[in-house]
Amino acid sequence: MKVELNVNPIESWAKTNHKPLIIAGPCSAETPEQLMSTAKLLKDLGKVDVLRAGIWKPRTRPNAFEGSGEEGLKWLAEVKKELGIQIGTEVANPEHIELALKYGVDVLWVGARTTVSPFAIQEMADAMAGVKDKAVLIKNPTHPELGLWIGAFERFYRAGVRDLAAIHRGFSTIDKSKFRNVPTWSIPIELKRIAPQIPIICDPSHIGGKRDLIFEISQKAMDLGFDGLMIETHIDPDKAWSDADQQVTPERLGEILTDLKIRTQSTTNVDFNDHLEELREKIDNIDRELVETLATRMAVVEKIGEYKRDNNVTTLQVKRWDDIMKNRSELAKKLGINEEFVVDVFKLVHEESIRRQTEIMKAVESKA
Ligand SMILES: O=C(O)C(=O)C[C@]1(C(=O)O)C=C[C@@H](O)C=C1
């Protein structure tokens, strides 16, 4: 799948000359004082490009704080006027968009729970038709379905929105995890591969769910070459009306941003590039050998499949499979590589063996 979306580079709409783009501010706009005092400290850091604040909060259950609504937009507009900082908030329907535009919101984002619904996205895209100079950021859907995420970009793009970016906020899981939303980095990496022109912003607050994890997640995003960070920041995090555990003080945000190592996609250093080229050639050769070895293995699997078919023996051989898993895992340990990774590779290999042997069995059935 290739996605042709000629979206504008982040610098063109965020009016920033540094990378990464930093969006920070409280989870929710609670009071005019809370918003203004947080915003002033963020502005003083000199590194924050957009002040964020939730106005309408999609809470799991209805009795939680659901946002300050239009009133909060007035406070945001006041901050923009007084501090000259760009402002951003989450929108979930055309009415939110209309109000956000009325109060001069510069950056609108679509939440994960909205991205899952193409109906909601289409209505919002229609509401953005003809709107100029406003950026739309789209959070990944709550579950790791890349097509749905891309579909949301396509809907806004068709409506004429060109200032677009993705926000990676992790994926819901019922498994026990140290993260609130598991990052499953392979999904944003795949988005980068098939649509490299779409900037990606990481939301470590929602991935981590705990303030202690924010630095580590942000650094990982920088190591992967993400374009920005959205970090929830509150003047007094422990007293926040929503998501208290994942917010940091403006002071802590300053430390995080200072400590982050920012990497570049490439370098003009000739020695580095020459050496990288040599190593990549080695990798190309190793990969060729790997694929050739897989093909040789598969030929043996097919031979076994024919024997099994002719002797009415099942494709799946649990004892043998279990022995293979144990042995390959021990081998990985001995060679000092990640055992889980090797086990995962062999699970895929085994799945393919079974698929191929099932085909061999079927071929005879259909002849009979
Ligand atoms: O050993 C066999 O019986 C095979 O068919 C080979 C193989 C494998 O891929 O290694 C495939 C299926 C079985 O479940 C066990 C092992």
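Which residues does the UniProt annotation "domain: Chorismate mutase" cover? In the unreviewed entry, the annotation covers residues 270-361; UniProt positions are given in the numbering used here, feature names are shortened, and annotations may be inferred rather than shown by experiment. Residues are numbered from 1 along each chain as its sequence is written. This is a predicted model, in which local features need pLDDT of at least 70 and side-chain atom pairs count only at pLDDT 80 or more, while totals for chains, interfaces and linings use all residues.

**Whole chain.** Colour domain 1 (10-259) and domain 2 (270-367) separately; these bounds come from an automatic or database domain assignment. Taken over C-alpha atoms, the centres of the two domains are 42 Å apart.

Select the strands β1 to β8, which close into a barrel in the order β1-β2-β3-β4-β5-β6-β7-β8, with parallel pairing. Strands (E, at least two residues) and helices (H or I, at least four) are DSSP runs, numbered from the N terminus, and two strands pair if DSSP finds at least two bridges between them. On average, neighbouring strands of this sheet are turned by 30 degrees against each other, direction ignored.

Next, zoom in on β2 (residues 50-52) and β3 (residues 86-91), a parallel pair with three bridges. R52 has G88 in β3 as its bridge partner. Helix α4 (residues 94-102) lies across β3 and β4 (107-110), at about 165 degrees to β3. Axes here are lines fitted to C-alpha atoms, for helices over the stretch in contact (C-beta atoms, placed from the backbone, within 7 Å), and angles run from 0 to 180 degrees between N-to-C directions.

**Two loops.** Most residues other than glycine have a negative phi, and most peptide bonds are trans. Select K19 and P20: a cis peptide bond joins them, with omega about -5 degrees. P20 sits in the loop between α1 (10-14) and β1 (21-25). Then go to T184, whose phi is positive, near 35 degrees, in the loop between β6 (164-168) and α8 (186-194).

Select residues 270-361, a span that is 89% helix and 0% strand. For residues 269-296, UniProt lists "coiled-coil region" (unreviewed entry); this stretch is 96% helix, and its end C-alpha atoms are 41 Å apart.

Finally, show the residues around the ligand, among them V301, T315, R320, W321 and H350; a residue counts if its C-beta atom, placed from the backbone, lies within 6 Å. α12 (270-310), α13 (318-335) and α14 (339-367) each give two or more residues to this shell.

Terms used
Contact = placed C-beta atoms within 7 Å.
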